[in-house]
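This briefing goes through one protein model by topic. Please look over the sequence and the structure before reading on.

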Amino acid sequence: MESWLEGYGAVGLNDLEIADFPITGRGLRTLKCFKEGETILTIPSRTLWTVEHAYADATLGPVLRSISPKPSLEDTLVLYILFVRSRKSGYDGPRKHVAALPASYSSSIFFTEEQLEVCAGSSLYTVTKQLSQRIEDDYRILIMQILERDLIPLDEFTIDDYKWALCTVWSRAMDFVLPGEKSIRLLAPFADMLNHWSEVKQCHVYDPSSGNLSVLAGKDYEVGDQVFINYGRIPNNRLLRLYGFVIPGNPMDCYDLVLTTHPMAPFFEQKRTLWASAGLNTTSTITLTFADPLPKEILRYLRVQRLDDSDVINTALRQPNIVDARISDSNETVILQFLVESISGLLDSFGTSAEKLEEQLAEAVYPPGGNAWAAAQVSLGEQRVLRLARKRAEELLAAAEGRNKNGRGSPSAQGRCANCDKISGQMMLCGRCKSVKYCGRTCQIAHFKGHKAICRATTSRNG
Ligand SMILES: C[S@@+](CC[C@H](N)C(=O)[O-])C[C@H]1O[C@@H](n2cnc3c(N)ncnc32)[C@H](O)[C@@H]1O
């Protein structure tokens, strides 16, 4: 493979060697020192796997162009890889690259039922199940599309071959954003041997003018060090699904919360309009992270979902940004109670609790580095994020209940300012609706534009 790459002008191959490392497995080792920022490796454009090159191929290109609907970017690369792999002659260089690819992958789509059960309840569990079904559907469509085109022998394009090629793309392709809002996904032979380390700077670059891929040193390297690139800030559930590995205690861990509302729910159409104006869909997936365990989109969504008064909805529709602030104390209390209960429900639905998993991991119940161990790490990360989100919701709920308890009409009630969010023991209530509080006159005036419609609706409803 190296002589093929050098023939096309690859630079830096002699300064690196392929080696096996603990934890990451096969990777690249330096044979000389590099200073941070120096170019380590350049892989020439002609040897990269891209959609453009797939379409430019004299045999594959016409087939791709004849397929309707057009295959996705991923499926195009998958067909390209499987097509080259099936060639008995020609394509010598790319075939050497394909021969160097791993024979199998440890993405969660290859987990046994028992291994996947370890993370039952996690979003990875649900996504993996859905993905496995989608892969089967996509495969069936793709095979029908190329069936009579004599492109790849059918025994070399089984569902397992399809999954293998998909995982090749997921775990080895690099994505780049180009000028003009374009992007490119490519596989770079040899550079795809580089493993991930979150401590190195982002150091793989694509030059749109030459079409070459280069790797710069993301830190200083001594002779014999493993060279890394940074795949990005990826949570464990995604790492395991796409790359087949996890980072214990990954600070990027997250939980993808799906919020949905039945179309038969009261005022569904009006609510749909309100969600849309707040940048949300009727089914919205919102990512909870350690940095932001309770994103404001969740509260926006639930405030609308829990609206149960046509007057309020109609006035809110005339002023859609209303959902950015609390609509009323009672609406806020209801949504926060719902949120706390829902998150508790989600936590209860995990097959194994965080405490139990911690115990099992400490006792090495799951062989370290194996699939079940990785699933346990994902479950643990998701549960930790959810617990943090519940704690945040409980705090907000306590403040909202405090506001309610202190009663309407009490000018000194404790609470949170509807405009600036400051919590204070000396709040003033809106004189008209008596349902929102302000820390002072300035905030009341600043908030009036957004509040007046709801204020009128609440006042007329309360008589
Ligand atoms: C782009 S390839 C890197 C080369 C790969 N190790 C090989 O043998 O071909 C990405 C794969 O390397 C492995 N890998 C990369 N970084 C890793 C890490 N930090 N820990 C564990 N495995 C890692 C995963 O299997 C991942 O899917």
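Of the 463 residues in the protein, 50% are buried (buried means under 20% relative accessible area, exposed over 50%, and partly exposed in between, with a 1.4 Å probe and protein chains only). This is a predicted model, in which local features need pLDDT of at least 70, side-chain atom pairs count only at pLDDT 80 or more, and totals for chains, interfaces and linings use all residues. Residues are numbered from 1 along each chain as its sequence is written, and side-chain values use heavy atoms, with hydrogens and water left out.

**Overall build**

- The protein has 16 helices and 15 strands; these are DSSP runs numbered from the N terminus, with helices (H or I) of at least four residues and strands (E) of at least two.
- Taken along the principal axes, the C-alpha atoms fill a box of roughly 85 × 50 × 45 Å.
- The accessible surface comes to about 22000 Å², and 51% of it belongs to carbon and sulfur atoms; accessible areas come from the Shrake-Rupley method with a 1.4 Å probe, and for residues only the protein chains shown count as cover.
- Among contacts between residues at least 6 apart in sequence, 65% join residues at least 24 apart, where contact means heavy atoms within 4.5 Å.

**The sheet E3-E8-E7**

- Three strands form an open, antiparallel sheet in the order E3-E8-E7; two strands pair if DSSP finds at least two bridges between them.
- Strand E3 (39–43) and E7 are the edge strands, each pairing on one side only.
- From one strand to the next, the twist averages 25 degrees (axes are lines fitted to C-alpha atoms, for helices over the stretch in contact, and angles run from 0 to 180 degrees between N-to-C directions).
- Four bridges link E3 with strand E8 (residues 212–216) in the antiparallel sense, and Thr-42 stands opposite Ser-214 in E8.

**Two buried loop residues**

- Cys-203 sits in the loop between strand E6 (195–196) and strand E7 (204–207).
- Cys-203 has a relative accessible area of 2%, so this residue is buried.
- Apart from neighbours within four places in sequence, Cys-203 is in contact with Ser-214, Val-215, Leu-216, Ala-217, Gly-218, Phe-228 and Ile-229.
- Cys-203 and Val-215 are twelve residues apart in sequence, with their C-alpha atoms 5.8 Å apart in space.
- Thr-50 lies in the loop between E3 and helix H2 (51–56), and counts as buried because its relative accessibility is 6%.
- Beyond neighbours within four places in sequence, the contacts of Thr-50 are Leu-77, Tyr-80, Ile-184, Arg-185 and Leu-186.

**Helix H11**

- Helix H11 (residues 296–305) is mostly covered, with eight of its ten residues buried.
- Those buried residues are Ile-298, Leu-299, Arg-300, Tyr-301, Leu-302, Arg-303, Val-304 and Gln-305.

**Salt bridges**

- Side chains of opposite charge can pair when their charged atoms come close.
- The structure holds 20 salt bridges, each being a side-chain nitrogen of Lys or Arg within 4 Å of a carboxyl oxygen of Asp or Glu.
- Arg-140 forms a salt bridge with Asp-137, with the closest N and O atoms 3.4 Å apart.
- Arg-140 and Asp-137 are three residues apart in helix H7, so about one helical turn separates them.
- Arg-140 is partly exposed at 46% relative accessible area, and Asp-137 is partly exposed at 31%.
- Glu-269 and Arg-272 meet through their side chains in a salt bridge (3.0 Å, N to O).
- This pair is three residues apart in helix H10 (residues 268–277), which means a separation of about one helical turn.
- Glu-269 is partly exposed at 45% relative accessibility, as is Arg-272 at 39%.
- A further salt bridge joins the side chains of Glu-332 and Arg-303 (2.8 Å, N to O).
- Glu-332 lies in helix H13 (residues 329–348) and Arg-303 in helix H11, so the pair ties together parts 29 residues apart in sequence.
- Glu-332 is buried at 4% relative accessibility, and Arg-303 is buried at 7%.
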